[in-house]
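User: Can you walk me through some of the packing and sheet layout in this one?

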Amino acid sequence: MSESRSRRTSTRSKADLSAALRRAWYHLRLSVRDPTRVRTWDAVVLTAASPEQAELYNWQLNRAKRMGRIAPSTVTLAVPDPHGQRIGSGAATLNAIFALANHLHHLSLIASAVSGMKDCSSTSSIMNNATGIPLLSLVEIIKKKHVLLLHAGGDSKRVPWANPMGKVFLPLPYLAADDPDGPVPLLFDHILAIASCARQAFQNEGGMFIMTGDVLPCFDAFSMVLPEDTASIITVPITLDIASNHGVIVASKSESTNDYIQVQLVDNLLQKPILEELVSHQAILEDGRTLLDTGIIAVKGEAWVDLAMLSCSSQPMISGLLLSKKEMSLYEDLVAAWVPAKHEWLKRRPLGEELVATLGKKKLFSYCAYDLLFLHFGTSSEVLDHLNGTGSELVGRRHLCSIPATTVSDIAASAIIISSKIAPGVSIGEESLVYDSSISTSVQIGSQSVVVGINVPELQQTPSGNLLKFMLPDRHCLWEVPLVGCTERIIVYCGLYDNPKISLPNDGTFCGKPWKKILGDLGIRDTDLWGVKESKDMCLWNAKIFPVLSYPKMLELATWLMGLGNQLDEYLLDLWKSSDRISLEELHRSIDFSNMWIGSINHQADLTAAIVAACLNFGLLGRNLSQLCQEILQKEATGVEICQEFLSLCPDLQAQNPQILPKSRAHQVHLDLLRVCDEKDMAAEMEHKVWAAVADETASAVRYGFEEQEASTSNGILEKPFHHMKVKVELPVRVDFVGGWSDTPPWSLERSGCVLNMAITLGGSLPVGTIIETMTRPGLLINDDAGNELYIDNVTSIVPPFDSSDQFRLVKSALFVTDVKTKMNLQSTGLHVKTWAKVPRGSGLGTSSILSAAVVKALLQLTNGDDSNENVTRIVLVLEQVMGTGGGWQDQVGGLYPGIKFTSSIPGIPLRLQVNPLLAPPQLITELQQRLLVVFTGQLRLAHQVLQKVVIRYLQRDNLLVSSIRRLVELAKVGREALMNRDLIELGDVMREAWRLHQELDPYCSNEFVDALFAFADPYCQGCKLVGAGGGGFALMLAKSAESAKKLKQLLTENPDFDVQIYDWEIYLG
């Protein structure tokens, strides 16, 4: 029974991890692309152990901006501990806030100088001793800012292979498969995603959100509510055995905020408490668990101002810490200043008096995130556990890599190969991680091993005459480190479970074996590894064991030290003893970060260039070359030259069979490469070819070409006596539940599409229509319902392209694609076309396409053409390409076919549509009409502006866009089943997810007004979305019940903040 329960819990945790990460990443991308609407952090700050590490972190922060992880408007800063000396996480927090305030002050001076303004900072008499800037000026600059602070300093002893890069930047390829051409996701990227959701909890109050760089806390930060003007600590219930090794929060049993039961006052803080302490402090919850201190702290409002004031005057205090060689902890000391029960204890600690005096007036609250999944990356084994256990289904196991065929290599399916080049003849075992490496032939990597930054050249004979074949045993870590002043990169290795902090007397290990066995087997003495200074604490961290030699010799000695060679080999022992050697501790202080960063950037650029070359030479251009080339350009010396070489291959692409490689895709690749190479004029010319190709491909798919039209026809109406004819066509509008975008060329020409939509009347009438009648006066007369009128006597002038500002281009395009002007010869007989659309412009109800369908249908009826709904649908597709607006088939299908429809398209030439009417029972129709609100938001939008951006991203093969539209197709099928089963709860969930995906496709499909409207309606609604492409127009709100619909309608009508119009509607059943 317990085993079954364990399985269920594990499954639930994985599902929670997937849902939390996907939602967080969606929010992060939205906040970066549209930070004015979706609020993001004003600053992202990292702490670092040294100035050199801070420089590396600043490069990583710039990379994050370039990759779209951080908004361009966000200030980024890495702050080292002063003089590279440890001062504790609490003092590092004060130092980071002070550094950020100075940095912001400096940026404001630059901005003032650029704008020609004088510095108008405060002239407070209280000065900051460190910079001479008035203290209150610094506080004023920072107090309204929203800051994300990540503690990422330290030496990462338990994950030594991540020490050079910084543990926060270790690879974590969760969701990597969602964007296979994007950069490898790092732990840092996922932390940014989770943190982006927490920004909403600060509202307009300034504040700081503090996290640690070795923990990924997956929880619903969207719903987090924090009390004002206080500090809060995020907690999660855990079992008592885990609590004994961590910090524990004692929450008040009596005092909590009135509104939120998850928020409680903190009574006390406990560090690694034993059971008796937990009992005596009443820290055990009713369910037998206690509250874990997750290390996530939020400081808001007045509490933030207090902390900023302390930070901006902290430099003398920090200098005192440096002199005394003491540290001040964030989690034990600084946080305790907000807990009165800890004040007496705190006053005896470093800086305790100052902390209590400045911060002690405010309180600390606990926010309990019951759903929090706590992924700690504290050891190498934990890293592999998170990649192969919890969340393993999220891991992209092959990402931006070059691997040989299965017939010339042995690479386990569960191995994770990212940003690496693997040669033939290589073996990699199960559940191993290979990152940022080049592995040559004859290398064997065992199971559950970690290989990072290794560049193994073609192996030759060893100095002893043997053919070198390198093997890394199971459960080992191997990495390379460039050192300052050293030509060779140093090869470093250890066991997966080695703890570098455990000493020899306490059974410390190296490569999984006790030190005593290592020394005995190899003939090494402890004095060879540890000097007098280290003799009191002999451990792997300070053992001078790694030789500094030529690469082949280092590999040979690595094999010997790991116990794979002849352990009694005197030659190897003498070689090792005579070599210069270095410890992990010395490595940490000697890393050449610049060399390491440039080497990694060039390695990834070369690997990406090889992928692009293969795609151009052998593939069908299925990769996002625009995105990949951005990585190549980071290779400053030759990146542009490489891309120019790719540009020379484009003529060969144009020669390929268009049925295999669409011209629009080939042109888009050419366009992307021209832009990468900064060929602006040629790029502008190629952009026209892209859109022309899309139009031609659409026309071909519906069997309607753009051949030169004949001047007259032998059986035209002109040759017959004139007689008056009049045709009237009226159509409903459509609302779409889900599936839009999958109907749009070129997607629908190349991939299947599905849309679930419904034809409706507004105010009891069909709102879109046309009347076309013949007249004796030659030429063309057009009237619309806005009072506009146009007469054209020379109809031969009606040829595309039509100006985008032409109010009558819809009718002109309809005449062109139906060829009416030649069939009727309008030089002798005239036509009078009246059109109307009794809905607001930019409604999102498909009005333009449906009006086009009405005009086309009327013209075909007038000329005895094929006016079937299927034919009209196809012709309107071409018409919209001629107009230059683009568009898909769902709008005209929605208006031409009555009722609720599930329509699917089968790609190819010709494009085939299958319109499946849903046989809706009367109960469903009644329930929909009672619960579904059709609301005009008053926000105007123009579909083709959104459409062009989406089409370009598709032509570029943007993977996130492709996966989003695929999901919309799947949701259309889910929505169909929900409607057929009268499951409006499921339909609401479908609408909600569809709206999220629409914003993924284009963040500007919504705005602050729409966001506020949907937030207001949310308590009453099962799901909300804008219809069509979004950006404004009409909204669908599916209420939770008929009563909820009435209540929401009343509230919207009465609320002066929402000047919206709620329309009466009915399903149009024909």
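Analyst: Helices (H or I, at least four residues) and strands (E, at least two) are DSSP runs, numbered from the N terminus. This is a predicted model, where local features need pLDDT of at least 70 and side-chain atom pairs count only at pLDDT 80 or more, while totals for chains, interfaces and linings use all residues. Residues are numbered from 1 along each chain as its sequence is written, and side-chain values use heavy atoms, with hydrogens and water left out.

User: In the open sheet of 6 strands, which strands stand at the edges?

Analyst: The sheet's order is S12-S14-S17-S20-S22-S23, and its pairing is mixed. An edge strand has a single partner strand, so one side is left without a neighbour in the sheet. Here that's strand S12 (398-399) and S23.

User: What is the bridge partner of leucine 433 in S20?

Analyst: Strand S17 (residues 433-435) and strand S20 (residues 450-452) run parallel and are joined by 3 bridges. In S20, leucine 433 has as its bridge partner valine 450.

User: How about the open sheet of 4 strands: which are the edge strands?

Analyst: Its order is S13-S16-S19-S21, with parallel pairing. The edge strands pair on one side only, and they are strand S13 (410-411) and strand S21 (470-472).

User: Is serine 503 buried or exposed?

Analyst: Serine 503 sits in the loop between strand S23 (489-495) and strand S24 (509-510). Leaving out residues up to four places away in sequence, serine 503 touches Gly508, Asp537, Met538 and Cys539 (contact means heavy atoms within 4.5 Å). The cut-offs are under 20% relative accessible area for buried, over 50% for exposed and partly exposed in between (1.4 Å probe, protein chains only). Serine 503 has a relative accessible area of 9%, so it's buried.

User: And how many nonpolar residues are in the contact of H16 with H17?

Analyst: Helix H16 (residues 551-561) and helix H17 (residues 570-578) have their axes 10 Å apart. The contact uses Lys553, Glu556, Leu557, Trp560 and Leu561 of H16, and Leu572, Leu573, Leu575 and Trp576 of H17. Ala, Val, Leu, Ile, Met, Phe, Trp, Tyr, Cys and Pro count as nonpolar, Asp, Glu, Lys and Arg as charged, and the others, Gly among them, as polar. That leaves no polar residues, 2 charged ones, and a nonpolar count of 7.

Key: Axes are lines fitted to C-alpha atoms, for helices over the stretch in contact, and angles run from 0 to 180 degrees between N-to-C directions. Two strands pair if DSSP finds at least two bridges between them.
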